[in-house]
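Dear colleague,

Please find the structure below, with its sequence. A short account of what was found follows.

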Amino acid sequence: MNMKSKFPFTCRYKSPVLTDTPFLRGNGAVPPFKGGAEERGGGLISSLRMRRLNTQVLALLIAILNLGLLPSCNKDKNIIYDVNDVNVNRPEGNKDYVKSLAEFISIAYTDLFETSISQAQLQTLAVPYSGFGDLKLIEDMIIKNFLNDANVIVPTSTAMRANVDQFLMETYQKFLNRNPNEFELWHMKNVIDENAEITPELVYYAIMTSNEYRYY
Amino acid sequence: MKRRGFIKKATAATAGAFIAPYILPSGRLFAATGARVVDHVVFCLFAGGVRNLETMHKADGNLMPNTLLGNESISSDIASGVQSLGQVGGQRLQEVGTLYKEFRFAEGPTGHFSGHSSVMTGVYNLADINIRQRPSAPTVFEYYRKHTSPETNALNAWWVSNSLGPYPALNYSTHPSYGALYGANYIQPASIISQAGYESLGNPKTFTQAQHDLVGEMRGFFDNNFGNQTIPGSAGISNAQADVPEVQQFLLDSFQEAVAGQYNNPWGLGGMSGDMFNIFFAEKVIQRFQPELLVVNMQDVDVCHGNFTAYANALVRADYAMAHLWQTIQNTPGMANNTIMIALPEHGRNLQPNTVIDPYGRYALDHTNDEMSREIFCLVTGPSGKVVQNQVISQVQGQSIDVVPTIAKILGFYDDISSMLPGQPLNAALV
């Protein structure tokens, strides 16, 4: 699936610059509260205290007002976040169609013998395929017969174990027409590494009798 | 624990013990309610279009000497074209069961697939006859597998047909509540047990059990990662994984027996017709798997479209094969005296011939919906005490769509499906 997404987003709020307010700056616009005239007593002092308090309250109000007004006072900036085109595929590669009888046989033959099946061979193989109701059971037998053919092309175990990653990449491509994802690669590599009995033949047999191989 | 509490819990536990078995085994709420008459049914479609004139009415002598009582000689003009095969056993089949001499294929086109489809679904196929499609109504196999509790696996249900064409489509329907999940194992022996079959399947790579286990593990991983999974029925029916090796070995053994020449003349008759080979292979299935429900057909008599005498000869062979099948059933442990066999043609043939004349001067016969092409017979054989013995019903009674209800009654699931079926069980044949 080819999916392109755009997210139009306008930043409508800008943080107020709090340090612009005299009250919070604390650098002399409003003297410190403590000491001085208050300690000396008298009405003048009280009056001065009240004025300073009023010034502080006023500054606080201005600051609050500033918080509310600043965003609306700034010009909106239209910021658009975009993404690049990305092709999104399911791991199994969007295989929705079941291979027909002829497709299954001819593709399996090509995968294992690296040559096209002849029309006569295709007809020969189609006969038993049509004559039994459990197709997977018959496919299983056909694959096992292919694997027992002297001309089948299968890597050696030595070659497989020399570079398991490469073997798996090639096997997935050959049979499933896709690369394995990281998890598949990791899991299958573990399976092969941990089981000395596993041969390329067994991997081929397993993958060719899997559900995914019946689809394209 | 107080006495009242003890009684309460004990009662609940007892009730649970009775209820649980009816819920758990198959996922169904209740098990099939009907009792079985016997445990096995073999349904022999004596097909190809068989006219009652040549069978029940013996217009050209007794062409079914293994089924019907009587020694009427074959008409002299065709006698040299009809090879007698003798008796398979001491008894005629009609003696071990009930013979409906005037059965009917009452509705629908008198075509082979239409006839097969109707008799195997229990519903006359009037609207959607398409030989490229599976029937829309469930087949007897699906009813059997779905409504037998615990549900049975595919090894218990087989459809053995003597030709390809549309017949492979009859092992399950497109019905959304049934389908491939409940279908039968289909086999067309002449295709599989052949040179082509042997070349394709007969020489497989063998793996050890440990290797098989590893393959199973890897395949499971591949399948789990395949999000699409499989479309039900995309690969036909599915045998249980545990049964697959047994079925494959059965096929491989059959190849070996064929290669060894054991299939050339197994009945000592000097050769096997297509019908005979099909019945012979059905017997192999019976001997190997003792299925609870097996349907097998014959169709060689359809040569009648161009050769009446060959048709009469094919009738003799079909009769012999059916008697051989019955004898095999009686010689198979587990099925002997525990099997009911039902046999009937899918339809008859016309009263009026076509224009083709055979070497013996007889006109050939088609089947194009006239009254006579709807007249057939039905034979129900089985153990005494289960099937009424040596009974002949000569009046018009019974029709093709009664066979599925009869099988359902015999195997104990009729009550589950009676509302879906227009036909009725052939109660007159059952004790």
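**A helix at the contact between chains**

In α6(A), the buried residues are A:Leu135, A:Leu137, A:Ile138, A:Glu139, A:Asp140, A:Met141, A:Ile142, A:Ile143, A:Lys144 and A:Phe146. Helices (H or I, at least four residues) and strands (E, at least two) are DSSP runs, numbered from the N terminus.

This is a predicted model, in which local features need pLDDT of at least 70 and side-chain atom pairs count only at pLDDT 80 or more, while totals for chains, interfaces and linings use all residues. Residues are numbered from 1 along each chain as its sequence is written, and chains are lettered from A and ligands numbered from 1 in the order in which they are written.

Because 10 of the 13 residues of α6(A) are buried, the helix is largely enclosed by the rest of the structure. Its buried residues are covered by elements that include α4 (101–113), α5 and α10 of chain A, together with α6 (195–201) and α8 (244–259) of chain B. Contact means C-beta atoms, placed from the backbone, within 7 Å.

The contact between the chains takes 41 residues from chain A and 45 residues from chain B. On the side of chain A that touches chain B, α6(A) supplies the largest share, 8 residues. The residues of that side comprise 19 nonpolar, 11 polar and 11 charged; Ala, Val, Leu, Ile, Met, Phe, Trp, Tyr, Cys and Pro count as nonpolar, Asp, Glu, Lys and Arg as charged, and the others, Gly among them, as polar.

**A buried strand in chain B**

Strand β7 (residues 375–381) of chain B has 7 of its 7 residues buried, so it is largely enclosed by the rest of the structure. B:Glu375, B:Phe377, B:Leu379 and B:Thr381 point one way from β7(B), whereas B:Ile376, B:Cys378 and B:Val380 point the other way.

Strands pair if DSSP finds at least two bridges between them. Strand β2 (residues 97–104) of chain B runs antiparallel to β7(B) and is joined to it by 6 bridges, with B:Phe103 opposite B:Ile376. Strand β6 (residues 339–344) of chain B is also antiparallel to β7(B), through 3 bridges, and there B:Ile342 has B:Val380 as its bridge partner.

Not counting residues up to four places away in sequence, B:Ile342 touches B:Val41, B:Phe43, B:Cys378, B:Val380, B:Val403 and B:Thr406.

With kind regards

Methods. Buried ≥ 20, exposed ≤ 12 C-beta atoms within 10 Å, placed from the backbone. Contact = placed C-beta atoms within 7 Å.
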